[in-house]
Amino acid sequence: MSFFSPAAPSIFSAMVAPLLRWYAASARKMPWRMSLPDPYRTLVSEIMLQQTRVETVKPYYERFIAELPTVAELAAADEERLLKLWEGLGYYSRVRNLQKAAQKVMREFGGELPADRDLLLSLPGIGEYTAGAIASIAFGLPEPAVDGNVLRVCARLTDCHADIADPAFRRETRDLLKAVYPPGKCSDLTQSIMDLGAVVCLPGSPHCPECPLAEICLARKSGTAPALPVKKAAAERKIENRTVFLLFSDSGRIALRKRPGRGILAGLWEYPAETGKLTRSEVGQWLKNHQIETVGIKKAGACKHIFTHLEWHQTGWLIQCQGENSEFTWTTLRDLHERYSLPSAFQGFSTAVNEIAAGKRAASK
Ligand code: SF4
């Protein structure tokens, strides 16, 4: 069974020339496009771009490449340094897998990323989309990179009302696109479809009058473009309440601990926390259980953090402690900023932390 109409192959074929012309004139300027495509740089940029906006990624990419310009340097990098370079980008498993991929490239491929989609797929953290992107952009192979933007463009071009979340729809889209990849222009074709989806064929309101494919687009002709693509509603996110303890010692240091090695934000630093929204008396009991002597307790606001399938609703408590319980790692605010990478899930508490630290400094003068 085909998701597309019999006209789809000829529409995809007709899209290539106008799209490449448009790309030659209007390609977006991005740091990873400033030189000839390079497999390592393409890998880094594509991993960073997963679930993250281009504008957010740009400074991170530049800093990362400046510090770790080669696969070998990434493979050998210290984990804390790596996490610091990634701090704020989120989805930290990406950078860990990126390093594992680099280590495998050093071990098994002589330090060069393989120019083969299946071998690229064997690297940690590289899925169908990223393998296609590296294979086509960096190696010029006829391998499409199909993400949500590309599925949207293809569904609209062919006025296809199938569910784009269906993996079989994605596979058929890839096969149809692969058949029209032009030798010598594979890199440009992948990037041109990406750009069209990102700046012209936008999700809610496509800019059809500016589109190089307007003449051949069936959804534009039938007026269905804004309603496409069809996508099943995503499952609702689970909500988890948490209580976060901002523990300050009498010498002005703040407590951190490492998260468990598996699950969300695995192995990263965090402020000590407990599941559930604790009352003041439950907070007192938690402190007692952890043998923490206190001289003051007050609320430190709330913040929400959204993961793909989960929301953390966090309530903070500012705790002035006597001494430093050895269960935790105690750090100065300066080291917190310079040495530790704290996930953005806790950024909502940074104002409270900075205010307390500033108060401590003022009191000690
Ligand atoms: Fe998208 Fe409109 Fe272009 Fe069709 S004509 S591909 S709907 S922007």
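Reader: How many cavities of 30 Å³ or more does the structure hold, and what makes a space a cavity?

Author: The structure holds one cavity of 30 Å³ or more. On a 1 Å grid over the protein atoms alone, a cavity is a set of points where a 1.4 Å probe fits but cannot get out; a pocket, by contrast, is an open set with protein on both sides within 12 Å along at least five of seven lines. The model is predicted: local features need pLDDT of at least 70 and side-chain atom pairs count only at pLDDT 80 or more, while totals for chains, interfaces and linings use all residues. Residues are numbered from 1 along each chain as its sequence is written, and side-chain values use heavy atoms, with hydrogens and water left out.

Reader: What volume does the largest cavity have, and what does "volume" mean here?

Author: The largest cavity has a volume of about 110 Å³. A volume is the space filled by probe spheres set on the grid points, which are joined across faces, edges and corners.

Reader: Which residues line the largest cavity, and what makes a residue part of a lining?

Author: A lining residue has an atom within 4 Å of a grid point. For the largest cavity there are 13 such residues, and those nearest its centre are Arg 156, Cys 201, Cys 208, Cys 211 and Cys 217. Helix α9 (residues 148-157) gives the largest share of this lining, three residues. Helices (H or I, at least four residues) and strands (E, at least two) are DSSP runs, numbered from the N terminus.

Reader: What takes up the space of the largest cavity, and which criterion decides this?

Author: The ligand takes that space. A molecule sits in a cavity or pocket if more than half of its atoms lie within 2 Å of the grid points.

Reader: What makes a residue count as near the ligand, and how does the shell around the ligand divide by class?

Author: A near residue has a heavy atom within 4 Å of the molecule. Among those around the ligand are Arg 156, Arg 220, Cys 201, Cys 208, Cys 211 and Cys 217. The shell has eight nonpolar, no polar and two charged residues. In this scheme Ala, Val, Leu, Ile, Met, Phe, Trp, Tyr, Cys and Pro count as nonpolar, Asp, Glu, Lys and Arg as charged, and the others, Gly among them, as polar.

Reader: What volume does the second largest pocket have, and which residues lie closest to its centre?

Author: Its volume is about 470 Å³. It is lined by 25 residues, of which Gly 90, Tyr 91, Tyr 92, Leu 265 and Phe 307 are the closest to its centre. Two or more lining residues come from each of α6 (93-108) and β5. By class, this lining has 11 nonpolar, 12 polar and two charged residues.

Reader: How is Asp 159 classed by accessibility, and where is it placed?

Author: Asp 159 has 22% relative accessibility and so counts as partly exposed. Its place is in the loop between α9 and α10 (167-178), and its phi, too, is positive, near 50°.

Reader: How many aromatic pairs does the structure hold, and what makes two rings a pair?

Author: There are 10 aromatic pairs. One of them joins Phe 4 and Phe 12, with 5.8 Å centre to centre and 75° between the planes, an edge-to-face arrangement. Rings of Phe, Tyr and Trp (its six-membered ring) pair if their centres lie within 6.5 Å; planes under 30 degrees apart count as stacked, over 60 as edge-to-face and the rest as tilted. Phe 4, at 6% relative accessibility, counts as buried, and Phe 12 is buried at 0%.

Reader: Why is the pair of Trp 32 and Tyr 61 given its class?

Author: The ring centres are 5.2 Å apart and the planes stand at 75°, so the pair of Trp 32 and Tyr 61 is edge-to-face. The pair links distant parts of the chain, 29 residues apart: Trp 32 in the loop between α1 (8-26) and α2 (39-49), and Tyr 61 in helix α3 (residues 54-67). Trp 32 is buried at 12% relative accessible area, and Tyr 61 is buried at 2%.

Technical notes: Buried means under 20% relative accessible area, exposed over 50%, partly exposed in between (1.4 Å probe, protein chains only).
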